[in-house]
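Q: Could we go through the strands and helices of this structure together?

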Amino acid sequence: MIEMNCTCVQKHHSIPTEVIEVSEHALLKVPDILNDYHRIFLVADENTYEVAGKQVESLLRNAGMLSHILILPSPALPNAENIGRVLIDAGRDREVYDINAYSLNPDYILAVGSGSVNDTCRMVSYRLGIPYGVVGTAPSMDGYASVVAPLLNWNRKIVYNCSIARHIIIDLNINAAAPYPLLLAGVGDMIAKYVAILDWEISRDLTGEYYCEKIANMVLEATGQCVDAAADLENRSMEAIRSTSTGLILSGECIAFCGSSRPASGTEHMVGQTWEVMDVEEGKVPNLHGIEVGEGTFMAIEMFRLLYQETDDAALRALIEKYLPAFDRVEALQKIIHLPFTVTDKDRFVEGVLRGRTFRERYTILQYLYDRDLLQSYAERVYDIVMKKHFFGTFKERFPDWEA
Ligand SMILES: [Zn+2]
Ligand SMILES: [Zn+2]
């Protein structure tokens with residue numbers, strides 16, 4: 001359990017995570033960290049099995065802690081089919097069959113993989129009431145310690161409550177070897193936080209929503225750490241990998257402390273995830289979460305800048321003004337790393353913004369503009385600005401061979 005006293009109305013925050021291990025060669029510590037468990041069900045996909053799963057499997061087997069493993073086909077989307085596969089397989093116990101055991105179910109689910117595999121296992125863990133943990137394979141998103149997972153069901157992307165990881169194990173050598181698109185996705189998921197916290201502040205002032213300043217500041221600090229490190233990710237500097245990995249984990253922890261993804265997800269996630277959903281609706285494999293969200297961040301930044309120039313609401317201007325230096329830093333970073341975009345068509349871009357407003361029940365700048373009959377025109381104007389200032393090429397052009 002990780003605990004923190006606070007000055008907000010909750011006074012105290014805690015999460016059930018017991019161990020967060022971020023180090024070089026962290027994989028070797030897996031058996032020690034999980035030594036309370038003896039029937040561990042390991043889930044990976046084809047990619048993450050090669051990268052880390054194989055080694056973890058043999059470590060657990062040698063320690064007599066492995067129940068069995070399941071390798072999902074890559075790319076393993078967090079969809080109903082894969083959740084079903086994990087759920088069905090959870091009861092299979094071929095490696096260790098102990099007739100005296102109270103239950104043949106595993107006593108622990110270990111997700112090997114940072115994105116989809118983790119989200120899939122979190123849902124199964126929640127439904128079965130079996131604790132779970134994650135061995136990360138790339139610093140590509142912040143959902144390790146999160147309380148929710150966006151899952152694909154009924155051709156939609158729906159955010160569900162899920163288990164929080166008991167153990168988060170990040171081997172920096174593995175993260176450092178991750179494909180560059182995954183590193184960029186991690187950056188996209190982190191630059192989002194400036195927008196998310198600003199939205200949260202606006203909602204606090206306009207709707208009276210609960211707000212925790214300590215959590216907000218922790219997320220902002222983690223974001224700053226990631227932005228500083230991002231330019232060095234391409235040359236795999238261990239410090240940059242460490243900063244990005246710990247920043248993403250801290251952001252996830254803050255989601256868990258808060259009990260909602262509010263500190264980590266605002267306008268940019270609602271729009272980026274709507275673009276993901278639009279692909280799902282058309283039967284396409286959605287793009288990397290952090291890449292969509294990164295583009296959504298530039299959309300939101302320009303929306304806020306425009307509103308800052310045009311609004312006569314002094315309180316709102318003052319709030320946005322606090323974040324303008326952060327927006328400038330994100331813009332400067334983009335000139336170096338050229339985060340690729342996936343949506344370049346104006347109609348699609350605007351549709352994502354308009355539909356994004358109701359992606360989930362959450363007050364953001366999108367609702368503010370909608371209530372003033374400004375959302376459509378802002379979406380159209382922001383598209384032109386974003387494409388002119390922040391677009392340096394599409395994801396497909398930059399990474400033509402990327403599949404997962
Ligand atoms: Zn608090
Ligand atoms: Zn995210």
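Predicted model: local features only at pLDDT ≥ 70, side-chain atom pairs only at ≥ 80, totals over all residues.

Q: In what order do the six strands of the open sheet run?
A: The order is S3-S10-S7-S6-S4-S5, and the strands pair in parallel.

Q: Which strands stand at the edges?
A: Strand S3 (19-23) and strand S5 (66-72) do. Each has a single partner strand, so one side of each has no neighbour in the sheet.

Q: How many bridges join S7 and S10?
A: Strand S7 (residues 132-136) and strand S10 (residues 167-171) pair over three bridges, in the parallel sense. Val134 stands opposite Ile168 in S10.

Q: Now the helices: which strands does H8 lie across?
A: Helix H8 (residues 238-258) lies across S3 and S10, and runs at about 165° to S3. Helix H4 (residues 116-128) lies across S4, S5, S6 and S7, with an angle of about 165° to S6.

Q: Changing topic, at what angle do H12 and H14 cross?
A: The axes of helix H12 (residues 346-356) and helix H14 (residues 375-389) cross at roughly 135° and come within 9 Å. That angle makes H12 oblique to H14. The crossing is right-handed.

Q: And which residues make that contact?
A: H12 contributes Lys346, Phe349, Val350, Val353 and Leu354, while H14 contributes Leu375, Gln376, Ala379, Glu380 and Tyr383.

Q: How do those residues divide into nonpolar, polar and charged?
A: In the contact of H12 with H14, seven are nonpolar, one is polar and two are charged.

Conventions
Residues numbered from 1 in each chain as written. Chains lettered and ligands numbered in written order. Axes fitted to C-alpha atoms, helices over the stretch in contact; angles between N-to-C directions. Helix = DSSP H or I, 4+ residues; strand = E, 2+ residues; numbered from the N terminus. Parallel < 35°, antiparallel > 145°, perpendicular 65-115°, else oblique. Left-handed = near helix turned anticlockwise from the far one by under 90°. Contact = placed C-beta atoms within 7 Å. Nonpolar A, V, L, I, M, F, W, Y, C, P; charged D, E, K, R; others polar. Pairing = 2+ DSSP bridges.
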